[in-house]
Amino acid sequence: MEAKLGIPSEPIFKVQDNTTKYALGTDSGLSVENVALNTKSVEDLKAEAMMERERREAEGETDRDANLQTITMPNIDDTLVGFSIEYCFAYLDDDGGEYYAWIDGVVERIVNAEKRTVEIRWNEQKVHEDDVQVSRHQLKIRGWNGSKVGAWRKYIDQI
């Protein structure tokens, strides 16, 4: 059975109430950090966490969709037809630097199950007008839920 987990809209925080003050001894480094942490409001902590998550996602350090994928990939057989898929492509930015982008589509047919080749119809809102709407790709075993060009995974609509 596949677990269905949603993407949290905001970080979950449990902030400890540190109203008890102890007078014995001197303040340790841990105490000083704890006081600094507890002087921030929960809203400030959530805002900082959201900014950090967005920064990490923008820099490619983490990916929310990757964490929602199943461990095992789907079989490359007739049951894969109609599968909502994302495939990782490399593009060049205006400065000539390379960046990765996930493009979603639907598997239209299995071209060669033995070679793990499928035909994918791409979401026309995500591809450039000069790009093809349907193309063939080999779905490599090590590409399942990867993070490099040729990686593939189930498309999870976050809207």
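Q: How many aromatic pairs does the structure hold?
A: The structure holds six aromatic pairs. Rings of Phe, Tyr and Trp (its six-membered ring) pair if their centres lie within 6.5 Å; planes under 30 degrees apart count as stacked, over 60 as edge-to-face, and the rest as tilted. This is a predicted model, in which local features need pLDDT of at least 70 and side-chain atom pairs count only at pLDDT 80 or more, while totals for chains, interfaces and linings use all residues. Residues are numbered from 1 along each chain as its sequence is written, and side-chain values use heavy atoms, with hydrogens and water left out.

Q: Which residues do ring pairs link into a cluster?
A: Y87, F89, Y91, Y99 and W122. Y87 and F89 form a tilted pair, 5.1 Å centre to centre with 50 degrees between the planes. F89 also pairs with Y91: the ring centres are 6.4 Å apart and the planes stand at 55 degrees, so this pair is tilted.

Q: Is Y87 buried or exposed?
A: Buried means under 20% relative accessible area, exposed over 50%, and partly exposed in between (1.4 Å probe, protein chains only). Y87 has 9%, so Y87 is buried. Y91 has 27% and is therefore partly exposed.

Q: In what order do the strands form the sheet?
A: Strands of a sheet pair through backbone hydrogen bonds, either parallel or antiparallel. Strands here are DSSP runs (E, at least two residues) and helices are runs of H or I of at least four, numbered from the N terminus; two strands pair if DSSP finds at least two bridges between them. Five strands form an open sheet in the order β4-β3-β2-β1-β5, with antiparallel pairing. β4 (134-138) and β5 (152-154) are at the edges with a single partner strand each, so one side of each has no neighbour in the sheet.

Q: How many bridges join β1 to β2?
A: Nine. Along this pairing, L92 stands opposite E98 in β2. The hairpin of β1 and β2 has five residues between the strands, and G96 takes a positive phi near 90 degrees there. Six bridges join β2 to β3 (residues 117-122), where V106 stands opposite R121. In the hairpin of β2 and β3, with four residues between the strands, R116 takes a positive phi near 60 degrees.
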